[in-house]
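This briefing covers one model, with notes on an interface, a helix, a sheet and a single residue. Please read it with the sequence and structure open.

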Amino acid sequence: MSMSEEELKKLKANKVVDARGTSCPGPLLAAKRAMSEVPLGGILEVLSSDPGTKRDLPIWAKKVGHEFLGVIEEPGYWRIFVKRKK
Amino acid sequence: MTVMSGSIDRLVGMAVLASAAVSMDMEVEIFLQLWGVYAFKKDVIKKNMNLSEFNELGEKVASRLKELNIPPWYEMLKQAKETGKVKIYACSTATSIWNASKEDLELVDEIIGAGEWVEKMSNAKINLFI
């Protein structure tokens, strides 16, 4: 279950990784690398301008064992939220 | 992944899938055959501009890759190696054909025979031939 946009906007991420301007699979790799710096139960926010990322990250979270929280669409990029679960 | 090709378009495709796989916590093993080994030679790796298709579009593709901040295939593969489990093997026969040793090849972990590789393939969930 992903969160509403209102709820997502209130989130304070423990780490924000700005992968805008890189192409798939750059943002995915950036997310994987950045997650190791997020404490357990903390939130990672990924900024990506690649349209593949908002589909890749929920699949990545499910496969790796994190919780996908949702996406906010901004002009020209997406903010994607994932909670570290392991 | 079995990589026979030494064409950079195919090597980009290989590096993209390897990066995606390590992001997904999958282990990646790559076996280089003839042209694949050639493309990993230290004196070739950065100079190689060979394409397998649509040669007339080579310059256009190269400039678009640059504009989109897509690193060269070997940089992408290096990043994948630094991030997760990626092993790169070179075919022993191909290595002999190019009169090369492991030290002449970039990013290669070991030189192995085809028997060992097919055994590895038989245990993998995904097998690709590039």
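Helices (H or I, at least four residues) and strands (E, at least two) are DSSP runs, numbered from the N terminus. By that numbering, B:Ile111 lies in strand E4 of chain B. The model is predicted: local features need pLDDT of at least 70, side-chain atom pairs count only at pLDDT 80 or more, and totals for chains, interfaces and linings use all residues. Residues are numbered from 1 along each chain as its sequence is written, while chains are lettered from A and ligands numbered from 1 in the order in which they are written.

**Contact between the chains**
- Eleven residues of chain B are in contact with eleven residues of chain A, contact being C-beta atoms, placed from the backbone, that lie within 7 Å.
- On the side of chain B that touches chain A, helix H1 (8-23) and helix H4 (73-83) of chain B each supply at least two residues.
- H1(B) gives the most to that side, with four residues.
- By class, that side of chain B has five nonpolar, five polar and one charged residues; Ala, Val, Leu, Ile, Met, Phe, Trp, Tyr, Cys and Pro count as nonpolar, Asp, Glu, Lys and Arg as charged, and the others, Gly among them, as polar.

**Helix H4 of chain B**
- B:Trp73, B:Met76, B:Leu77 and B:Ala80 are buried in H4(B) (buried: 20 or more other C-beta atoms within 10 Å of the residue's own; exposed: 12 or fewer; partly exposed: in between; C-beta atoms are placed from the backbone).
- These four residues are on the same side of H4(B) because they cover an arc of only 95° around the axis, the arc being that of the directions from the helix axis to the C-beta atoms.
- An α-helix has 3.6 residues a turn, so residues three or four places apart point the same way.
- B:Glu75 and B:Glu82, on the other side of H4(B), are exposed.
- The cover over the buried residues of H4(B) includes H1 and strand E3 (86-91) of chain B.

**Sheet of chain B**
- Four strands form an open sheet in the order E1-E2-E3-E4 (chain B), with parallel pairing; two strands pair if DSSP finds at least two bridges between them.
- Strand E1 (2-3) and strand E4 (110-112) of chain B are the edge strands, each pairing on one side only.
- E3(B) and E4(B) run parallel and are joined by three bridges.
- B:Cys91 stands opposite B:Ile112 in E4(B).

**B:Ile111**
- B:Ile111 is partly exposed, with 19 other C-beta atoms within 10 Å.
- Not counting residues up to four places away in sequence, B:Ile111 touches B:Ala90, B:Ser92, B:Thr95 and B:Lys102.
- B:Ile111 and B:Glu59 are 52 residues apart in sequence and 34 Å apart in space, C-alpha to C-alpha.

Terms used
Contact = placed C-beta atoms within 7 Å.
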